[in-house]
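Student: I would like to learn how to read this model feature by feature, beginning with a strand. Could we take the general idea each time and then the case at hand?

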Protein chains: 2
Amino acid sequence: MKKNVLIIGAGGVAQVVAHKCAQHNDILGDLHIASRTAAKCDAIIASVHEKNAMKVQGTFTAHAVDAMDTAAVAALIRQTGAQIVINVGSSFVNMTVLEACIETGVAYMDTAIHEDPKKICEAPPWYGNYEWQRREACKAAGVTAILGVGFDPGVVNAYVRLAEEEFLDTIESIDIVDINAGSHGRWFATNFDPEINFREFTGTVYSWQKGAWQTNKMFEVGKEWDLPVVGTQKAYLTGHDEVHSLSARYPGADVRFWMGFGDHYINVFTVLKNLGLLSEKPVKTAEGQEVIPLKVVKAVLPDPASLAPDYVGKTCIGDVIRGTKDGKPAEVFLYNVADHKEAYEEVGSQGISYTAGVPPVAAAILIAKGIWDVGHMANVEELPPRPFLELLGEMGLPNRVIDASGQDRPI
Amino acid sequence: MKKNVLIIGAGGVAQVVAHKCAQHNDILGDLHIASRTAAKCDAIIASVHEKNAMKVQGTFTAHAVDAMDTAAVAALIRQTGAQIVINVGSSFVNMTVLEACIETGVAYMDTAIHEDPKKICEAPPWYGNYEWQRREACKAAGVTAILGVGFDPGVVNAYVRLAEEEFLDTIESIDIVDINAGSHGRWFATNFDPEINFREFTGTVYSWQKGAWQTNKMFEVGKEWDLPVVGTQKAYLTGHDEVHSLSARYPGADVRFWMGFGDHYINVFTVLKNLGLLSEKPVKTAEGQEVIPLKVVKAVLPDPASLAPDYVGKTCIGDVIRGTKDGKPAEVFLYNVADHKEAYEEVGSQGISYTAGVPPVAAAILIAKGIWDVGHMANVEELPPRPFLELLGEMGLPNRVIDASGQDRPI
């Protein structure tokens with residue numbers, strides 16, 4: 001039984017995590033949130049109190065910390081007495097925060113793979129480059145470290161494990177499809193930090209097919225998907241964290257990730273990329289000023305957090321999983337539909353932050369209750385899926401399946 | 001009889017001016033070229049000598065000068081003994097260089113209207129805002145100042161005057177059409193300084209119709225034109241210098257300027273503009289650096305001078321002039337077709353610089369010979385057109401007319 005949560009980060013996802021932790025502080029205990037700028041944490045705590053989100057009386061305290069500094073994070077863990085750390089800061093801080101958790105013996109969670117700020121779209125094996133190198137250290141310290149426990153990666157990994165346990169006898173292919181059919185009403189905006197958003201799509205696209213890594217260019221392979229609620233949507237083969245961990249568990253299956261993009265997004269992205277404006281390498285202006293173009297693009301784009309109040313429409317994220325059942329070919333689709341406006345009304349963030357922020361809090365509750373407190377490092381597909389998916393349903397992310405017979409029903 | 005030429009500027013057009021002056025140095029005398037960076041002038045002079053462009057033995061000397069400093073320009077005029085100044089520097093220096101010419105009593109020429117670096121797309125009357133305010137001063141000093149004597153403005157103004165003198169009895173409309181049907185082979189590039197290029201198209205579009213200034217948005221009014229050599233091309237109503245001076249001389253005529261743009265250019269421009277990347281107002285990055293987005297766009301785009309070696313294809317620039325002849329409606333089209341590769345082989349610049357750079361040298365020769373040395377300020381349509389157009393034909397810019405009977409012939 002662990003309790004007391006330290007949230008690292010103060011962006012849109014951290015906002016959701018904070019609200020959801022508050023809604024379950026009877027289980028989770030004292031709450032803390034820390035980022036480089038304490039004022040951002042104060043604003044999140046203020047929004048929690050505005051919504052009267054604290055289930056029972058308790059503390060929720062803001063802290064300033066440099067999450068790139070392991071010693072500082074470890075000191076904060078000790079100071080707060082947190083036994084569970086939910087890291088939803090920038091992808092650049094995973095390894096330093098994980099190290100602080102190993103040092104202090106507390107549970108660790110994140111929602112995206114570690115990135116080196118100086119490298120873009122590293123080649124697989126992604127988890128192998130960073131997090132998995134600390135597997136033995138976690139085991140030796142008895143530290144529960146759950147990697148990539150947002151929606152994708154995260155819930156979509158649990159879907160595969162559930163299909164393995166309940167719906168299929170063999171798994172031959174896993175296609176994760178992520179569609180945002182919502183609209184923010186701006187001419188163009190990214191749904192999260194433009195610097196991170198564009199980095200995902202500027203390099204080679206990796207997928208796992210025929211037992212090996214395959215490479216494509218971004219927007220080279222597109223496919224229309226006919227999905228519940230959001231209808232027919234075009235998505236493109238994209239590299240994504242969970243392709244790596246799932247291909248490690250299901251090496252005989254094809255594992256592909258598909259991200260939905262409208263023609264407008266692709267056009268803007270293509271123009272910026274081809275002009276060199278998404279580059280992280282400094283250029284020199286005629287006046288001699290050294291500037292990183294991507295940082296200027298970020299500066300002119302709307303702040304993703306500012307989109308939430310006007311965001312309408314729905315997201316649909318799910319797994320098309322093919323294999324066999326009773327010796328016959330079978331296909332299942334496990335999925336969630338979330339609504340931007342409902343998310344904003346509940347926690348002050350749009351639907352994409354909501355789907356990413358609820359799962360780590362569900363995981364924290366499962367750790368607090370001992371169900372997922374496994375004492376080693378794990379990706380989500382290595383953990384029992386049903387308690388997680390059922391808890392998510394209670395917490396606002398209902399999960400459904402279209403089973404092999406075509407019936408659409410709750411999981 | 002004036003002689004000795006000082007060229008201000010060291011860009012692509014200055015390169016053409018230098019070569020063409022050298023080819024006529026028997027008439028023009030000593031040649032000088034000055035810009036902020038003397039090394040750029042040295043490179044231009046070196047390319048002149050490489051091509052053995054000097055017609056007779058003579059001097060061609062490079063100088064460094066801050067053209068925004070009237071006293072410095074005046075001192076250089078006195079030092080060089082130049083009696084003719086060809087200003088093909090940035091549009092920001094017109095007024096200071098003009099002032100130096102008035103002060104020293106020498107002839108002045110430029111190829112584009114003065115711009116205040118701090119203002120974008122000023123409202124008409126453009127010449128009235130700056131150059132024409134010095135008309136009286138030129139007259140008093142007996143200074144010949146020929147404004148806008150590139151191709152457009154410049155040659156296209158002479159076309160109208162020639163139509164008035166030789167082809168039509170009345171002029172009811174003047175449509176200047178500028179098509180670059182060439183290809184530089186890059187994904188995207190501007191043909192001259194991106195900062196100046198984009199400035200032209202970020203504001204309101206002004207045209208002179210029904211006896212008054214009319215306003216439109218950029219790319220709002222498009223029209224297909226069927227032209228000699230380059231075929232059917234789409235062009236868009238655009239504000240341009242000569243719309244002002246021609247509407248002052250022909251107030252009863254509609255005067256419109258049409259610039260050809262491909263869909264690709266429009267798309268890139270639209271993305272950059274809508275994102276705010278063409279802004280001259282500084283933005284602050286997340287790291288606190290103040291940056292002017294347009295200067296970063298300029299930094300990532302190809303240097304326009306670098307396009308010349310690979311440029312192929314042709315330009316067609318001309319005037320569709322409608323009115324009456326012998327009491328009947330009549331239409332004439334006066335035009336030039338230039339070839340990018342031929343221009344590069346002759347003077348080391350692409351066709352757009354060539355069409356802009358040859359006319360001021362023709363004008364310099366006409367001033368040297370006394371034909372255009374009028375001793376006051378003039379736009380090109382106020383000067384006798386035939387000597388100018390005939391000289392241009394001899395110098396590499398042949399001019400043709402499709403007359404009211406439909407016959408296509410040399411002017």
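Predicted model: local features only at pLDDT ≥ 70, side-chain atom pairs only at ≥ 80, totals over all residues.

Student: Which strands pair with S1(A)?

Tutor: Strands of a sheet pair through backbone hydrogen bonds, either parallel or antiparallel. Here two strands pair if DSSP finds at least two bridges between them. S1(A) is joined by 4 bridges to strand S4 (residues 84–87) of chain A, running parallel, with A:Val5 opposite A:Ile84. S1(A) also pairs in the parallel sense, over 4 bridges, with strand S2 (residues 31–35) of chain A, where A:Ile8 stands opposite A:Ala34.

Student: In what order do the strands of the open sheet in chain B follow one another?

Tutor: The 7 strands follow the order S3-S2-S1-S4-S5-S6-S17, with parallel pairing. The edge strands, each pairing on one side only, are S3 (60–64) and S17 (377–379) of chain B. Neighbouring strands of this sheet are turned by 20 degrees against each other on average, direction ignored. Helix H14 (residues 351–368) of chain B packs on the sheet and touches S4, S5 (107–110) and S6 (145–147) of chain B, its direction making about 165 degrees with that of S4(B); contact means heavy atoms within 4.5 Å.

Student: At what angle do helix H4 (residues 70–80) and helix H5 (residues 94–104) of chain A cross?

Tutor: Two packed helices are described by the angle between their axes and the distance between the axes. Axes are lines fitted to C-alpha atoms, for helices over the stretch in contact, and angles run from 0 to 180 degrees between N-to-C directions. The axes of H4(A) and H5(A) come within 8 Å and cross at roughly 50 degrees. The two helices are therefore oblique to each other, given that angles under 35 degrees count as roughly parallel, over 145 as roughly antiparallel, 65 to 115 as roughly perpendicular and the rest as oblique.

Student: How are the two chains related?

Tutor: Copies are superposed by least squares on the C-alpha atoms of residues with pLDDT of at least 70 in both. A rotation of 179 degrees, with 0.1 Å of shift along its axis, superposes chain B on chain A with an RMSD of 0.1 Å. The two copies are thus related as by a two-fold rotation axis, and 100% of the contact residues of chain B recur in chain A.

Student: Where do the H11 helices of the two chains meet?

Tutor: Residues Asn267, Val268, Val271, Leu272 and Leu275 of H11(A) meet B:Asn267, B:Val268, B:Val271, B:Leu272 and B:Leu275 of H11(B). The axes of these helices, residues 263–275 in chain A and residues 263–275 in chain B, come within 10 Å and cross at roughly 95 degrees, and H11(A) and H11(B) are therefore roughly perpendicular to each other.

Key. Residues numbered from 1 in each chain as written. Chains lettered and ligands numbered in written order. Heavy atoms only, no water.
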